[in-house]
Each structure stands twice: as structure tokens, then as C-alpha cells.
Amino acid sequence: MRNWLKKREFVMLMMLVVISLGISLITPAFLTPSNLLSIVMNNIILAIMAMGMTLVVVTSGIDVSVGSQLGFAAIFVGLVALLPTANIFIVLAVGLVCGVLLGIFNGILIAGAEIPAIVVTVGTMNVFRGSLLLYTNGKWVTSLPAWYTSMYNSSVLGVPIPIIIFAVVVAVTYYLIQYTRLGRSVYALGGNPVAASRVGINTDKVLLFVFAYMGALTGIASILYGAQLATIDPNAGTSFELTVISAVVIGGASALGGSGSLLGTCIGVLILGVLQNGMILMRVEPYWQDVVMGLILIIAVSVDVLNNRKKEAQKKTIDVAKAIKGGVSA
Amino acid sequence: MIKVKRSHELILLIFFLALMTIMSILAPSFLTVNNLLSVTQQMSELGILALGVTVIIITSGIDLSVGSIAGLTTIVIATMYGMTHNLAVAVIAGLVAGILCGAFNGVLIAKIGVPPILATLGTMTFFRGIALVISKGNAISDFPESYYFIGQGYIFDTLPVQTVIFVILALITAFLLSKTPWGRRVYSVGNNPVAAVFSGVKLDKVLLYVYIFGGLMAAISGWIISSRVSTARADLGAVYLMQSIAATVLGGTNIAGGSGTIIGTVIGVSVFAVLGNGLNLMGVSPFAQNLLMGVALILVLLINNMSIIKNKIVLFIKLNFK
């Protein structure tokens, strides 16, 4: 019980509850089922991509090209959906394949050529966006067919389809990192890359998988993106990567690698979503949003670092005390 | 035969010269004194930002907030001028704002110990937010005529003022890095922070000054940008953020810290500027420039890591096809 209380996720959950309570005291419109549902629905795309980014951050990598990937895949999904013979399965397949290919492109450069992830993805961010804009000539994809756009608002057994898709993504990701060799390797690699390769983990393969998986989830998110907005801007997703990374970091994944959980990331996404929604409901001037978001991020990471330092300090004293006791008894 | 040391700067210089040659063949108006001067004018803003980013990356840090600091500086200058109608006071206030932003980053990173990428991810949003709150999201263009000298003026009617500023700042930064104790400490912190501490380097002090330096460079860059476009807006520096990191890395600064030179960064920035200007003259769509900048960055790093790639391919073939 005590361990459970000390967990990072629990602290973040408390923070989420406090923020929500504060907002609902000021505006009664916040704590209504329809508003809460709309918070979830508006952040599904962010949440799906944050799942992939969690794995990337766990390997102590980073991917700043996901915003461009989102735009790239969304445009292709949109163009395919406009074809007369297209149906929902083709669209799903195109989004997924497109995302995976973009992710593999990153992964090959990062794992194969050993160029640092941030450098590769700064480069591919420009490559993806540039080639997309060149191809579309800056034109939007509009008048998407109804069978595609209705996907976002329809539901199965009372559950909206985006939430079902999100649940599947979470389940698959959880299974991967909890029960498969490949998924455990992701944490091993992030915790200590040298040790990981010594025990026989193919680190290149793991890195390639992580970036390909990030791409796959971005592809799925891009399908929802087009369905949600019904028109797709080739600039879609510009600087969205920073929101995704912020959510993951607020959720407690360490930039040094080796730690980070899906639950934490979900809470991180919700904190961002609740703040944004609450500030709109409270009629705070929109200029204040960035100030508040930035402060939350700064406080979250600072508190994390200070906590870790305290834990480390405690660890050392215990070790010394044990060693002394051992010496005395011997 | 003379054996030339195969360094990153050399590869980059050859790449740059090849690019210059191609551009001057494809676009006849490229290789004229006037055009080359305007290239240096266009690269100065990015270049000055990149000087600060280079010093930061050498310490194995990164600064995502430089674009926001530049934007905030423009807003502070405009607002202070609106209040005091004294240009000198306004510009000094803007530069002080940049220094304070840098110090804020520095305290988070050096004193509290937050990883640079996370600290500056937060401050990027925070500084932009402050700029938006001060300006209420508006663009301000209430400047006196004399303000435009920095961004649009010429010395001796030929040399663009910002080019001169860029050259002076680049020389100062190069001198600081290679000839002063502070510069040696910057490299040692990036190379091996533990060893640096044991050899008596005050890690937090060095890092603090490095981020203050980055903030000041961002502020100067913001000052020039707002003078060139005659407006102040919170998002003015945002486009240069990723470009400044890309140009620095293209220039051979190791993102893991410990190595990097100012001359490399200047060449890196020049590659981007020549690419942009040359493609413009040829009438290529601006969208293609984005693409080619990304390709140039990846290509140069691939050439740089050629031996690693060769080894991996050989190993792969051995394991799978024999």
C-alpha cells in the first residue's frame, strides 16, 4: 500500500484530481459527462501517439518528426479515401503501412547508421514535410466521403469508435512491453544499453522496432485525424510533436531512458487535456494557456528530478548503514 | 602526396564548395557580389542563434527555447519602446530579457539538474506564453525609423549591418571557446562531466553561463529579426529553432557533446543559406528547400558515419548469406 502511494503515477493522478476539482469549483460546466467525454475524444490522437512516444523515450531516444509523419500519413489516407473503390479497410491499411514505412526510415538511420535520434528526426521532420508540401503543392484534401468521416462519430455498442481504437492500441502496447521478449528489451536497452547488448539483445533490432511502432501508431492516429476534421491541411501536425513529448514527460517517462509507463502517459495526456478544456471553460484569455502549460511542464520535471535525487541519497545511506552493521557482526 | 586530415569540417567544406559550384552554374545571377552579400544578410539571424546553440550543444545540452526567447525579445523591445519612447532603453531591456530567460534555463539545468531537453521544452512554451500575454497575441509595429538600421541598413552602402554583427559575434564566440579558460571548461564539461568536476571545474557555474550566452545570442537574433521585418511578434523566432540545431549538427558539433567548432557552424549555416538562396533564384518551390535542407543534413551525417555503416553491412551479409 505504501509503495503504491509513493508511485509516480499516483502523484500525477492526485495532481489531475486536484486540477479537475479546482476547475469544477469555478465552472460547473466542467464536470458534466458530455464535457468529460469531449475531453477524451479531443485527445485520442494525442494519446495514441503518446503511447508510441513513451517507448521511444524509454529507449532514451526522441522523435520530433511525428508531427510531420502525422501530416504525411493523413494526406495519403485522405487521397486514398477519395478514390471511388476505396473502403474502410483499405484506408486503415494505407494509414498503417504509410506510418510504419516512415518510422522504419527513421529507425534505419538511427539504428543502422548510428546517427543520434534527435538529429535524424530533425532531418526527417523537414524531409517528410517538405516532400509532402511539394507533392500536394500546399493544397488541402477536402470533401472526404461520408463513410470515412462518419467513422469518428459513430459508435459500436455505445462506445465511440476512436475510444475502441485507443483501447486496442493500449492493450497491444501493454501486451508488447509486459509479456514479450522484444518489449522487455526496450526497457533493458533504455536502462543500460551496454548491459543489454552484453546479455545478447540485438539493440539495433529493438531500436528499429521502437521507431517503426511509433510510426505505426502515428499512422493509426492519422486515420482518425482525417475522420475528425473532414479536411486535411498538408501542414497538419506542425509542432504537434512537442505536445506529444510534453504529455509523455509529464506522465513521468525519464528522458535519460529506462523508465516510463503507459498509465503515466495516459495521465499526462489527461492533465494537458483537462487544463486546456478547463481554461477555455473558465474563459481564461487564450494567451495564458502557454504560460500555464509551460509552468506545469517545468514543475513536473523539476519535482521529478528533486524526488529522484532524494531517493538516491536515501539509497546511499542505507547501503553504508548495512555495510557497517555487516562489518560489526562479522 | 600530402595526407590531409579527414575531418568533418573538410567534408563539409567540399560539400559546400560543390553546392556553390552547382548553384553558380544553374543560376547565373547567384555568383555576383550583391547576391552573395544578400546571402550573408539572410544567414545572419540563423547564424547568431546557431552560435549560442553550438556552445550549448558542446556541453552535451540542447536548447529548444531559443526561438521563443527571440520572439519574447522582439515583444519586450516593442513594448518598452511604446512605454518610454527611448530606443536604447528598449533594446537594452530586450537583451536583458534574453539574458534572464537564459539564466532561467541555466538555473533549471545547472542548479536543479533537469535534463536540458525537458527544461527547455517547458521554457519554450513558457517564454512564448509570456510574449503572448504581454502582446495579447498581436503584432506590434510601432518603431521609429532609426530602429530599422540594424536589420535593413548598410555600412559603406554595401555591407549589410547584420552581416557585420554576425561576423563580430562569430569571432568573439570562437575566441571565447578556443582561447579562454571558460571555453576549455565548456569542452571539458561536454566531454566528461565527472572528470571535469574532479579537475576543479564548477559544473553548475559553467552551465549557467553557457545558457545565459545562448539566451543573449537568441535575444540579439530576435532584435535583428524584428528590425528587418519592422514588426514584433511572439512567434518570430520559431522557424529558426530546428534550423539552428540542424545547422549546428551539420557543422560537425557532436550532439553528445565535447566537440564542435564555430567555423563548422558558420559553414553549416552557409550551406542552408546558399541552398535557400540558390533554389530561390532558380525559381524552385520553397517547399523543396525544406526537403533539401533535411536531405543535406542526413546526407552529410551518413557520409560522416560511412565506416560504421560499412561494418554493419559487411556483418549483416556475413551473418545472413554465408
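A residue counts as buried when its relative accessible area is under 20%. By that cut-off B:Glu45, at 1% relative accessibility, is buried. The structure described here is a predicted model.

**Salt bridges within chain B**

B:Glu45 forms a salt bridge with B:Arg228, with an N to O distance of 2.5 Å between the side chains. This pair links distant parts of the chain, since B:Glu45 belongs to helix α2 of chain B and B:Arg228 to helix α10 (residues 203-229), 183 residues apart. B:Arg228 is partly exposed, with a relative accessible area of 35%.

A further salt bridge in chain B joins B:Asp235 and B:Arg233. B:Asp235 is partly exposed at 40% relative accessibility, and B:Arg233 is partly exposed with a relative accessible area of 35%.

**The interface of chain B and chain A**

The contact draws 42 residues from chain B and 45 residues from chain A. About 3700 Å² is buried between the two chains, and carbon and sulfur atoms give 80% of that area. Between the chains there are 8 residue pairs in polar contact, counting pairs with both residues at pLDDT 80 or more. On the side of chain B that touches chain A, the elements giving two or more residues are α4 (87-112), α5 (116-135), α11 (240-250), α13 (286-304) and α14 (306-321). Of these, α5(B) gives the most, with 13 residues. The residues on this side divide into 28 nonpolar, 10 polar and 4 charged.

A:Asp290 is buried, with a relative accessible area of 17%, whereas B:Arg128 is partly exposed at 28%. B:Lys312 meets A:Asp204 in another salt bridge, and A:Glu114, A:Asp204 and B:Lys312 are linked in a network of salt bridges.

| Residue pair | N to O distance |
|---|---|
| B:Glu45 and B:Arg228 | 2.5 Å |
| B:Asp235 and B:Arg233 | 2.8 Å |
| B:Lys312 and A:Asp204 | 2.9 Å |

**The surroundings of B:Thr40**

B:Thr40 is found in helix α2 (residues 33-58) of chain B. This threonine is partly exposed, at 24% relative accessibility. The side chain of B:Thr40 reaches the backbone oxygen of B:Leu37 at 2.5 Å, and a polar contact of 3.2 Å joins the side chains of B:Thr40 and B:Thr163. The C-alpha atoms of B:Thr40 and B:Val53, 13 residues apart along the chain, are 19 Å apart.

Technical notes: Residues are numbered from 1 along each chain as its sequence is written. Chains are lettered from A and ligands numbered from 1 in the order in which they are written. This is a predicted model: local features need pLDDT of at least 70, side-chain atom pairs count only at pLDDT 80 or more; totals for chains, interfaces and linings use all residues. Side-chain values use heavy atoms; hydrogens and water are left out. Helices (H or I, at least four residues) and strands (E, at least two) are DSSP runs, numbered from the N terminus. Buried means under 20% relative accessible area, exposed over 50%, partly exposed in between (1.4 Å probe, protein chains only). A polar contact is a pair of N or O atoms within 3.5 Å; within protein, one must be able to donate a hydrogen and the other to accept it, and residues adjacent in sequence count only if both atoms are side-chain atoms. Contact means heavy atoms within 4.5 Å. Buried area is the accessible area (1.4 Å probe) that two parts lose on being put together, summed over both. A salt bridge is a side-chain nitrogen of Lys or Arg within 4 Å of a carboxyl oxygen of Asp or Glu. Ala, Val, Leu, Ile, Met, Phe, Trp, Tyr, Cys and Pro count as nonpolar, Asp, Glu, Lys and Arg as charged, and the others, Gly among them, as polar.
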